[in-house]
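Please examine the chain shown below before reading the notes that follow.

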Amino acid sequence: MPDDLVARAQAGDQTAFRELYRQHAGRVYALCLRLTGDSRDAEERTQDVFVRLWDKLRSFRGESAFSSWLHRLAVNVVLNERRTTGRRERRIMPAEDPAALERHHRGGGGGGGGGGDNPTEGLSIDLERAIAELPDGAREVFVLYDIEGYPHVEIAQLVGIAEGTSKAQLFRARRLLREKLER
């Protein structure tokens, strides 16, 4: 059964909805930031989540904690936006430039000659930044599995990939993070 604040918001009480926003916006933003790797995208997705919440709130029946339900809604909003944006970008990208179709423009080649752009980067690695720099697919799976605790079978359904691909992306994400941390 929903608590009083949720029940009032479900009945259309905008003050109660604003209070739900105040209570949950920080955690929703943190999740969106981890999934998107970009603060501007995370802000937009956070707003999208609460717009969607206003539309969907009446369907919350209290079978799980409200925060868990909202968390799932946020994951779905971010992943749906990624799918929609990806399809839109593939439709409008010029076919003559295949490099533009790559999801991430991380340098080619290998490690080679030492220093990166920031000489202190190896000294003070920021784990959140390292996660944000992962390629999209690897970051999504890493966040959903290692941080949020979703099983591979559920990640596969959410993201629209095979369970084996989820496991491979997790392995890739962990390897890339380990490489960043060892630098």
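Which residue forms a salt bridge with Arg45, the closest N and O atoms being 2.9 Å apart? The partner is Asp48; a salt bridge here is a side-chain nitrogen of Lys or Arg within 4 Å of a carboxyl oxygen of Asp or Glu. This is a predicted model, in which local features need pLDDT of at least 70 and side-chain atom pairs count only at pLDDT 80 or more, while totals for chains, interfaces and linings use all residues. Residues are numbered from 1 along each chain as its sequence is written, and side-chain values use heavy atoms, leaving out hydrogens and water.

**Overall fold**
- The chain has eight helices and zero strands (DSSP runs numbered from the N terminus: H or I of at least four residues for helices, E of at least two for strands).
- Of its 183 residues, 32% count as buried (under 20% relative accessible area; exposed is over 50%, partly exposed in between, with a 1.4 Å probe and protein chains only).

**Salt bridges**
- Asp48 and Arg45 both lie in helix 3 (residues 39-56), three residues apart, about one turn of the helix.
- Arg45 is buried at 9% relative accessibility, whereas Asp48 is partly exposed at 31%.
- Arg45 also meets Glu44 in a salt bridge (3.5 Å, N to O).
- In helix 2 (residues 14-36), Arg22 and Glu19 lie three residues apart, and their side chains form a salt bridge of 3.3 Å, N to O.

**Helix 7**
- The buried residues of helix 7 (residues 152-159) are His152, Ile155, Ala156, Leu158 and Val159.
- Seen down the helix axis, these buried residues fall within an arc of 165 degrees, so they line one face of helix 7 (the arc is that of the directions from the axis to the C-beta atoms).
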